[in-house]
Amino acid sequence: MKSSTDKPMTVRLPADLAGQLEKLVRATGRNKSAITVAALRDYVAAEAWQIQEIEQGIAEADRGEFASADEVNSFFAKYGG
């Protein structure tokens with residue numbers, strides 16, 4: 001669904017990806033823009049989550065919040081490693 005706040009964007013796709021997108025358009029009946037926007041939303045959300053988690057981990061490390069040796073050993077005893 002196009003709104004007045006939508007911004008146009010031109011993207012060059014590798015031929016194989018363009019072909020896969022065309023197949024998806026035919027299979028789903030959705031248009032390229034709708035599929036591309038959905039894919040980009042998912043990608044941006046996943047990247048933002050990862051960056052947030054990394055920043056949180058860095059902040060914890062900066063505060064000196066590390067697992068103790070006992071906690072690390074317990075983890076590896078439970079999950080292997």
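Me: What is the count of buried residues among the 11 residues of helix H3?
Reply: This is a predicted model, where local features need pLDDT of at least 70 and side-chain atom pairs count only at pLDDT 80 or more, while totals for chains, interfaces and linings use all residues. Residues are numbered from 1 along each chain as its sequence is written, and side-chain values use heavy atoms, with hydrogens and water left out. Helices are DSSP runs (H or I, at least four residues; strands are E, at least two), numbered from the N terminus, and buried means under 20% relative accessible area, exposed over 50%, partly exposed in between (1.4 Å probe, protein chains only). H3 covers residues 69-79 and is hardly covered, so to speak, with a buried count of zero.

Me: Which residue just after H3 takes a positive phi?
Reply: Look just past the end of H3. The phi there is about 85°, and the residue is Gly80.

Me: Is Ala69 buried or exposed?
Reply: Ala69 sits in helix H3. Its relative accessible area is 55%, and the cut-off for exposed is over 50%. That makes Ala69 exposed.

Me: Which aromatic residues are linked into a cluster by ring pairs?
Reply: Rings of Phe, Tyr and Trp (its six-membered ring) pair if their centres lie within 6.5 Å; planes under 30 degrees apart count as stacked, over 60 as edge-to-face and the rest as tilted. Searching the whole structure turns up two aromatic pairs. Phe75 and Phe76 have ring centres 5.3 Å apart and planes at 85°, so they are edge-to-face, while Phe75 and Tyr79 are tilted, at 4.9 Å centre to centre and 45° between the planes. Put together, the cluster is Phe75, Phe76 and Tyr79.

Me: How many residues apart are Phe75 and Tyr79 in helix H3?
Reply: An α-helix has 3.6 residues a turn, so residues three or four places apart point the same way. Phe75 is partly exposed at 43%, and Tyr79 is exposed at 54%. Their spacing is about one turn of the helix, and the number of residues is four.

Me: Which residues form the salt bridge with the closest N and O atoms 2.5 Å apart?
Reply: Side chains of opposite charge can pair when their charged atoms come close. A salt bridge here is a side-chain nitrogen of Lys or Arg within 4 Å of a carboxyl oxygen of Asp or Glu, and the whole structure has two. The 2.5 Å one is between Lys32 and Glu22.

Me: Which helices do Lys32 and Glu22 lie in?
Reply: Lys32 is partly exposed at 41%, and Glu22 is partly exposed at 29%. The two are 10 residues apart in sequence, so their pair ties together parts of the chain: Lys32 is in H2 (residues 32-62) and Glu22 is in H1.

Me: What is the N to O distance in the salt bridge of Glu65 and Arg63?
Reply: Glu65 is partly exposed, with 44% relative accessible area. Arg63 is exposed, with 54%. Their side chains meet at an N to O distance of 2.8 Å.

Me: What accessible area do Met9, Val11, Leu13, Leu17 and Leu40 have together?
Reply: Patches are made of residues with over 30% relative accessible area and no salt bridge: like charges are joined within 9 Å, nonpolar side chains (Val, Leu, Ile, Met, Phe, Trp, Tyr) within 5 Å. Leu13, in the segment before helix H1 (15-28), is partly exposed at 40%. Areas come from the Shrake-Rupley method with a 1.4 Å probe, and for residues only the protein chains shown count as cover. For this nonpolar surface patch the total is about 460 Å².

Me: Which element gives the largest share of the lining of the largest pocket?
Reply: The largest pocket has a volume of about 890 Å³. Of its 24 lining residues, Lys32, Ser33, Ala34, Thr36 and Val37 are the closest to the centre. H1 and H2 are the elements that give two or more residues to the lining. The largest share, nine residues, comes from H2.

Me: And how is a pocket defined, with its volume?
Reply: On a 1 Å grid over the protein atoms alone, a cavity is a set of points where a 1.4 Å probe fits but cannot get out; lining residues have an atom within 4 Å of a point. Grid points are joined across faces, edges and corners, and the volume is the space filled by probe spheres set on the points. A pocket is an open set with protein on both sides within 12 Å along at least five of seven lines.
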